[in-house]
Every structure is written in C-alpha cells, then in structure tokens.
Amino acid sequence: MMPSPPTPPAAAAPYVELRSAERVPDTHAWPAGPDDHHPSVEAVGRDAVPVVDVGDPGAARAVARAAEEWGAFLLVGHGVPARVTAGVEEQVARLFALPAPEKARAGRRPGEASGYGYPPALHLPKRMWSEGYTFPAAAVRAEFRRVWPDGGDEYLRFCDVMEEHHWEMRALGGRLLDVFFGALGLTADQIAAGETERKIRETLMATMHLNLYPRCPEPERAMGLAAHTDSGFFTFITQSPVPGLQLLRRGPDRWVTVPAPPGALVVVLGDLFQLLTNGRFRSALHRAVVNREQDRISVPYFLGPPADLAVAPLASAVPPGRKAAFRAVTWPEYMGVREKALRTDASALAMLQVEDEGEDGGVPPKS
Ligand SMILES: C=C1C[C@]23C[C@H]1CC[C@H]2[C@@]12CCC[C@@](C)(C(=O)O1)[C@H]2[C@@H]3C(=O)O
Ligand SMILES: O=C(O)CCC(=O)C(=O)O
Ligand SMILES: [Fe+2]
C-alpha cells in the first residue's frame with residue numbers, strides 16, 4: 001500500500017546513541033554544514049510564512065496565494081483540540097525514550113514500509129541527526145504491538161492518542177482538500193458534483209512519520225532532516241515549540257525558519273499535488289535543522305492517493321485549449337521515478353512533464 005523504495009546502504013547501519021554524543025561523529029558530519037550555501041533568515045517581512053484560518057470566508061483565496069508562492073503555510077482555526085496535540089507530543093517523546101533494544105524490536109527491515117528507522121526515501125552520503133518511525137495511520141494498533149508485544153496500559157494509551165490524532169487530521173484533510181479545490185476556482189457545487197474530486201477526497205490515505213531530533217553538541221555540522229519535498233498530496237506537521245523546520249524561498253535562495261505558534265499546524269504541499277494542480281500549486285522544499293539546547297519532535301501526517309489510483313492533472317486546473325502538463329502516475333510509480341531522479345540529480349516532476357509549454361506547469365530548475 002505504501003511506496004517502499006530500495007533501502008539505502010546507510011539505513012543498514014545501527015543508530016548511534018545521538019543523545020549521549022559529545023561530538024558529531026564523521027558519519028554524521030555534513031561537509032557543507034546545514035546551510036547548504038544558502039543563508040538562514042528569520043520569517044519576517046516578505047519572508048513571513050503565510051497564515052491561513054480555515055474558518056475564514058477568505059480562506060480559499062489565502063490558500064491559493066500561499067500554495068502558489070510558498071507551497072506551504074501555517075494553518076489556524078482548524079479546531080483540533082490542543083489536548084490532542086499535546087498528547088501526541090508526550091506519547092512520541094515517550095516512545096523515543098524507550099531503551100534502544102525495545103525500539104529495535106520494531107526496526108524497519110529493508111523493503112518494509114513501516115517501523116522504527118531512517119526516512120525511507122532519502123539517499124544521502126551522510127547520516128542525519130534524527131530518529132524516525134513510519135506507519136500507516138490507520139494501522140496504529142497492529143504496528144505498535146511490535147514495540148509493546150504484550151499490550152498493556154502504555155500501549156493502549158499510545159494507540160488511543162495516535163488514533164484520535166489520526167481521526168482529527170483525516171477529517172481536517174478532507175476539509176482542507178475542498179478549500180484547495182475552491183482555491184483552484186471550483187464552486188461548491190462543482191466540488192460536490194466532481195467525480196475525480198470526490199474520489200480523491202474519499203480515498204485519501206494517511207501515513208505518519210514520527211521524528212525526534214535530539215539536541216546536538218555541534219548543530220552547525222549536523223543535519224536533522226535533509227532538504228526534500230514530500231511526495232504525496234499534502235502534509236500536516238505538528239511540531240513542538242522548538243524551532244527547526246525551514247522552507248526554501250527562491251530568488252535569492254534562502255532558508256526561512258518556520259515559527260511554531262501554539263496551536264498552528266504547518267501544511268506542506270507535496271509533488272503529487274503539484275502534478276494534480278497542473279503545476280499551479282507548488283511542492284515546497286524543506287528540511288529540519290537541530291540545536292544545541294533542546295530535543296525537538298515533529299509529527300508529519302502525510303495525505304496522498306491510494307497506491308492504485310493514478311493521479312493526473314485535474315481538468316479544472318488545465319487552462320482551456322491547453323494540454324495537461326504532466327502524465328498520470330500512481331504514488332508508488334512516482335516514488336520510483338523520484339528514486340531515479342535522485343540518483344541522476346534530475347527533477348522527478350520534470351521527468352513526468354508531457355511537453356514544454358512555457359511557464360504553465362513549469363518545474364523550477366533543481367538548485
Ligand atoms: C508516505 C510516505 C512519505 C514519505 C515516504 C512514506 C513514509 C515516510 C515519508 C518520509 C518522511 C521523511 C522525508 C521523506 C522524503 C522520507 O524519506 O520519508 C518522506 C517520504 C515522502 O514524502 O516522499
Ligand atoms: O521536522 C519537521 O518539522 C519536518 C519533518 C518532515 O519534513 C518530514 O518528516 O517529511
Ligand atoms: Fe517533509
């Protein structure tokens with residue numbers, strides 16, 4: 001069900017105990033440093049990350065602007081109880097605080113889509129300063145028997161909290177999807193009557209990936225999560241108040257640190273959403289940096305199509321008289337294309353472009 005690309009060689013190496021490290025070992029030292037030649041700037045002025053209130057009558061317009069310009073925004077007014085979000089962070093911290101052998105019981109084996117381990121789709125020369133756990137959101141109870149084989153209170157508490165988070169996020173995902181459709185110019189009637197739109201809303205699949213970024217003795221030499229775009233439709237990121245997530249703004253290229261105001265969710269658009277909207281909405285290049293003082297937790301919730309649903313540009317996103325800018329792909333197929341693109345330093349979306357029609361649906365050159 002979930003795309004599972006071949007495991008990179010680095011994933012085979014066991015986790016080092018990052019938290020007790022006094023230096024960044026060579027295996028984790030990034031030669032260029034986390035700055036990647038681009039400066040990190042504060043989110044102020046024209047670099048202020050857009051904020052969207054889903055309940056606002058002007059939400060569709062604000063979403064359109066943010067999706068075109070940033071491929072990301074902060075979402076407020078979403079109604080997800082703070083209690084649920086706080087519970088998630090507490091449970092994730094508890095999971096990662098378990099002794100290494102207990103986490104290792106759930107280690108993700110090569111080719112597997114879920115379990116404790118390295119992010120599956122990044123292929124890097126160096127290791128990152130983080131621990132991760134990936135699983136299908138709907139399968140939390142089966143998945144975490146691997147960590148807690150005998151069940152018990154800790155297990156039940158963890159599952160209850162994660163499941164409630166899943167229901168909240170899944171419902172919000174459907175709601176935000178309709179806002180996105182509105183942002184593309186569809187009327188409420190068209191959204192309700194559209195076959196493709198309905199299919200996408202009803203079959204949305206959710207994957208969770210838990211991230212722990214332990215505090216780091218030499219943050220400028222380490223990388224929490226290397227720069228990437230998410231591959232699905234869009235991602236809700238619940239993040240702790242400790243900053244670390246950065247978005248790349250182009251021209252001149254700079255990393256903008258995303259603030260973490262209490263109660264705000266970060267929404268990041270993925271590559272398949274760029275394809276679905278014929279290139280009108282952009283996926284956002286993002287990464288996570290680490291810091292010296294505090295551990296940071298983030299809980300992205302990835303929404304995308306089921307594995308067998310081919311995604312093609314929506315008719316409503318293709319200008320009249322023009323051809324769709326991308327060919328249709330399924331998510332697993334896209335992961336394969338991206339895998340190849342990463343190896344050749346090409347852009348995966350560009351490889352799916354039907355023909356160069358000038359600016360429309362254009363993919364910015366890889367930097
Ligand atoms: C549903 C997804 C989305 C995945 C793959 C699979 C589960 C884990 C996600 C991440 C999380 C970390 C970055 C990324 C690039 C990675 O390596 O694993 C993501 C990837 C994607 O967005 O492509
Ligand atoms: O840690 C974060 O805020 C971002 C995590 C992320 O981008 C991912 O897991 O895909
Ligand atoms: Fe991401």
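Guide: Let's start with a definition: the expected span of a helix is 1.5 Å times one less than its number of residues. Keep in mind that we're looking at a predicted model.

Visitor: Okay, how many residues does helix α5 have, and what distance does it reach from its first C-alpha to its last?

Guide: Helix α5 runs over residues 153-183, which makes 31 residues. From end to end, its C-alphas reach 44 Å, close to the 45 Å expected.

Visitor: What does the backbone do just after α5?

Guide: Look at Gly185: its phi is positive there, about 105°.

Visitor: On to the ligand. Which residues come nearest to ligand 1?

Guide: For this, a residue is near a molecule if one of its heavy atoms lies within 4 Å of it. Around ligand 1 there are 14 residues, and Pro120, Ala121, Asp230, Ser231 and Arg338 come nearest.

Visitor: And how do I read the polar contacts?

Guide: You look for a pair of N or O atoms within 3.5 Å. Ala121 uses a backbone N or O atom, at 2.7 Å. Ser231 brings a side-chain N or O atom to 2.6 Å, and a polar side-chain atom of Arg338 also lies 2.6 Å from a ligand oxygen.

Visitor: How much of the accessible area of ligand 1 does the protein cover?

Guide: On its own, ligand 1 has 450 Å², and the protein covers 99% of that. The ligand sits in the largest cavity.

Visitor: Which element gives the most to the shell around ligand 1?

Guide: That's α9, with three residues. Both α9 (331-344) and β6 (205-213) supply at least two. By class, the shell has seven nonpolar, five polar and two charged residues.

Definitions and conventions: Residues are numbered from 1 along each chain as its sequence is written. Chains are lettered from A and ligands numbered from 1 in the order in which they are written. This is a predicted model: local features need pLDDT of at least 70, side-chain atom pairs count only at pLDDT 80 or more; totals for chains, interfaces and linings use all residues. Side-chain values use heavy atoms; hydrogens and water are left out. A polar contact is a pair of N or O atoms within 3.5 Å; within protein, one must be able to donate a hydrogen and the other to accept it, and residues adjacent in sequence count only if both atoms are side-chain atoms. Accessible areas come from the Shrake-Rupley method with a 1.4 Å probe; for residues, only the protein chains shown count as cover. On a 1 Å grid over the protein atoms alone, a cavity is a set of points where a 1.4 Å probe fits but cannot get out, and a pocket is an open set with protein on both sides within 12 Å along at least five of seven lines; lining residues have an atom within 4 Å of a point. A molecule sits in a cavity or pocket if more than half of its atoms lie within 2 Å of its grid points. Helices (H or I, at least four residues) and strands (E, at least two) are DSSP runs, numbered from the N terminus. Ala, Val, Leu, Ile, Met, Phe, Trp, Tyr, Cys and Pro count as nonpolar, Asp, Glu, Lys and Arg as charged, and the others, Gly among them, as polar.
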